[in-house]
Amino acid sequence: MRFDILTLFPGMFAPLEESILKRAQQAGTISIGLHNIRDWATDRHRTADDAPYGGGAGMVMKAAPLAAAIRAVVEEAAPPVILLSPDGEPFTQALASELAQQPWLVLVCGHYEGLDERVRESLISREISIGDYVLTGGELAAMVVVDAVARLVPGVIDGESIAEESHSDGLLEYPHYTRPAVWEGRAVPAILTSGHHGEVAKWRRRERLRRTLVRRPDMLRRAREQGLLDKHDLAYLAELGWEG
Ligand code: 4HQ
């Protein structure tokens, strides 16, 4: 899968050169192109932003350099051109899965107060928000989207860990332990060292249900609506006092 990222600050994307995404790029499973929007400015000072019409605080990204950058990257093709914006559609695991089906995404990072509305109207196909808070620019949001989407691309990580994890099957994860069996007086739950695989699976399922009830009852209601809870799950939740 290919990602092209348009930004005024390509240096902010250094984290993509570490760990799992670095390996996936080296293996050719994903590729990430960084493009400095300023490279498409045509004046002597390479100006990419200007004061807003009508006055007010901050600066607005100029239409012409950004539009030229998008058109140069997209050429004659039609990949989704995604703007990271607090006005966008909320980013969820379901949206990450949907985007991971695409062969190519173009991500546009706004900075300052945002971009000229006319570029949004003519060249942006989709807007995504990573949450209800305000960042200084779209760069960190773009990295969040690339990370969450790239790890769903076959071959980037071990596929077994994806199906069971939080937010893909609607429950939070069970607690994890590794050696030593006792640490600072705290023992690992005995069931995990018992060798009874069926009992381990049952305990883990119950821990997931209990945690989700305590921390994210909203997720539990959605999991039930989506038919993700069986009669054993519902009986255990009733024992815990879940009223739904
Ligand atoms: N910004 N989710 C303002 C965000 C944001 C978010 C990106 C700040 C765009 C102009 N992006 N710039 N939240 O706060 O995606």
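In this predicted model, the side chain of Arg 2 forms a polar contact of 2.9 Å with the side chain of Asp 4. A second polar contact, also given as 2.9 Å, links the Arg 2 side chain to that of Ser 31. Arg 2 belongs to strand β1, which covers residues 2–7. Leaving aside residues up to four places away in sequence, Arg 2 touches Ser 31, Gly 33, Pro 103, Trp 104 and Leu 105. Arg 2 has a relative accessibility of 33% and therefore counts as partly exposed, since that class lies between the buried limit of under 20% and the exposed limit of over 50%. Between the C-alpha atoms of Arg 2 and Arg 221 the distance is 36 Å, with 219 residues separating the two in sequence.

The ligand is the next topic. It is surrounded by 16 residues, and the closest are Ser 85, Ile 130, Gly 131, Tyr 133 and Leu 135. By class, this shell holds 9 nonpolar and 7 polar residues, and no charged ones. Strands β5 (81–90) and β7 (126–129) each contribute at least two shell residues. The largest share, 3 residues, is supplied by β5.

For Ser 85, a backbone N or O atom is 3.4 Å from a ligand oxygen. For Ile 130, a backbone N or O atom lies 3.0 Å from a ligand nitrogen. For Gly 131, a polar backbone atom is 3.1 Å from a nitrogen atom of the ligand. On its own the ligand has 370 Å² of accessible area, and the protein covers 94% of that area.

Technical notes: Residues are numbered from 1 along each chain as its sequence is written. This is a predicted model: local features need pLDDT of at least 70, side-chain atom pairs count only at pLDDT 80 or more; totals for chains, interfaces and linings use all residues. Side-chain values use heavy atoms; hydrogens and water are left out. A residue is near a molecule or strand if one of its heavy atoms lies within 4 Å of it. A polar contact is a pair of N or O atoms within 3.5 Å; within protein, one must be able to donate a hydrogen and the other to accept it, and residues adjacent in sequence count only if both atoms are side-chain atoms. Accessible areas come from the Shrake-Rupley method with a 1.4 Å probe; for residues, only the protein chains shown count as cover. Helices (H or I, at least four residues) and strands (E, at least two) are DSSP runs, numbered from the N terminus. Ala, Val, Leu, Ile, Met, Phe, Trp, Tyr, Cys and Pro count as nonpolar, Asp, Glu, Lys and Arg as charged, and the others, Gly among them, as polar. Buried means under 20% relative accessible area, exposed over 50%, partly exposed in between (1.4 Å probe, protein chains only). Contact means heavy atoms within 4.5 Å.
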